Amino acid sequence: MPHFTKPPEGSWTEHYPELGTGPVSYADSISPEIYEQERTAIFSRTWLNVGRVEQLPKVGSYFTKEIDAAGTSIVVVRASKDEIRSFHNICRHRGNKLVWQDYPLEETSGTCRQFTCKYHGWRYNLEGGCTFVQQESEFFDFDKADYSLSSVQAEVWEGFIFVNLDPTNTTPLREYLGKFGKGIEGYPFDKLTQVHKYRAEVGANWKLFIDAFAEFYHAPILHAKQSVAEESRRLSDMGYEALAYDIDGPHGMVSTWTGETPPSDVSLYKPIEQKVQSGLFGPWYPSDIGLDEMPPALNPSGHKSWGLDSFVFFPNFMLLIWKQNWVLTYHYWPTSYNTHIFEGTVYFPPPKDARERLAQELAVVTFKEYALQDGNTLEATQSMLESRTPLTTFPLNDQEILLRHLHTTAQRYRDEYERAASTAAVHA
């Protein structure tokens with residue numbers, strides 16, 4: 001059932017008794033063994049967002065994605081006007097990486113009519129079919145039709161491209177995204193083509209960074225100095241409580257206020273923010289993106305001060321939609337039990353003039369500063385969790401419900417995979 005307003009008893013967490021309310025362990029964030037389980041049970045079996053359709057503007061456009069947590073590299077290509085396909089990035093001859101430029105471990109993009117292996121020149125069309133084999137007559141009982149590229153499931157939702165590396169997982173993407181995905185449909189993401197990207201290697205478990213962005217309890221403390229002194233003191237004194245939380249299957253969301261936009265008291269903002277009319281919450285004056293009515297999943301509490309909804313699509317994709325008609329996405333790509341790659345992407349409509357461009361760019365650099373503060377803190381968290389002091393459990397408050405949910409969900413995926421593997425072994 002939806003939980004769009006705070007329950008009468010005053011608790012979000014207690015509405016989900018399966019999550020519990022006691023202190024939690026973060027053993028899943030410091031264990032190499034658990035990380036290895038997650039690679040197979042989660043990242044090799046769920047829908048993963050890898051990009052957007054604007055990255056593939058015409059037939060033959062492609063990009064590669066390194067998915068270290070699943071131990072593979074994929075190619076995503078626009079095979080025809082209406083079809084996007086994905087393949088494991090491996091040549092069928094000797095296993096060479098098929099698509100790469102100067103450095104084989106780096107991601108790349110471009111446009112081609114066919115894919116050609118650098119090693120022995122085997123070629124594949126955009127549908128993955130093998131079209132040419134050097135000295136084909138020297139192979140034994142050979143038929144090119146038997147050597148197509150290895151396909152990866154690919155589907156598109158609202159312009160976001162997802163892949164699923166598990167060929168046995170037949171759950172359609174739209175069904176997997178559940179009520180949050182359905183409730184966002186119709187938002188004009190395609191109008192937000194002014195894109196800014198950040199990428200950072202973070203020395204912390206991937207779940208810890210999701211935890212940081214799934215609650216706003218930390219904001220008035222960790223980010224206090226980003227506000228003018230008087231506003232910082234006010235926020236620290238009053239604390240911060242979001243407007244609504246909700247959970248749907250493996251996914252979660254938090255809806256929150258962001259203050260008055262445009263502000264009636266500009267003295268609460270820094271001089272550069274006053275001049276450019278922008279800041280962390282984005283440009284004060286939203287651009288027109290043709291949105292007559294907000295999709296039903298946005299601002300579920302109906303609060304007049306609503307400013308932002310953050311959707312956590314398990315396992316590693318966060319989508320933030322702001323009242324001012326701009327969007328943030330976060331991706332967390334594990335590279336080990338205590339490291340991951342964080343990707344932050346900012347989407348705006350194209351600016352109409354120089355002032356709008358400056359307003360967008362100030363929001364982008366302000367976001368970067370906040371993200372650096374979060375990332376730096378998480379590395380400190382990781383180091384102390386790994387110290388394995390006598391402290392093994394930690395309390396979470398009512399607003400940290402999505403943290404409980406994330407770690408519980410990851411545990412459930414690991415348990416379900418282990419049970420399935422044990423059953424298969426018994427019947428083998």
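Q: How many aromatic pairs does the structure hold?
A: Rings of Phe, Tyr and Trp (its six-membered ring) pair if their centres lie within 6.5 Å; planes under 30 degrees apart count as stacked, over 60 as edge-to-face and the rest as tilted. The structure holds 34 aromatic pairs. This is a predicted model, where local features need pLDDT of at least 70 and side-chain atom pairs count only at pLDDT 80 or more, while totals for chains, interfaces and linings use all residues. Side-chain values use heavy atoms, without hydrogens and water, and residues are numbered from 1 along each chain as its sequence is written.

Q: What is the geometry of Trp122 and Phe142?
A: Their ring centres are 5.7 Å apart and the planes meet at 80°, so the pair is edge-to-face.

Q: What about the rings of Trp122 and Tyr147?
A: Their planes are at 90° and their centres 6.4 Å apart, so this pair is edge-to-face.

Q: Which residues form one aromatic cluster?
A: Trp157, Phe160, Phe162, Phe180, Tyr187, Phe189, Phe311, Phe313 and Phe317.

Q: Where does the charged end of Arg52 sit?
A: A charge sits over a ring if NZ of Lys or CZ of Arg is within 6 Å of the ring centre and within 35 degrees of the ring normal. The charged end of Arg52 is over the ring of Phe160, 4.4 Å from its centre. Arg123 lies over the face of Phe132, 4.1 Å from the ring centre.
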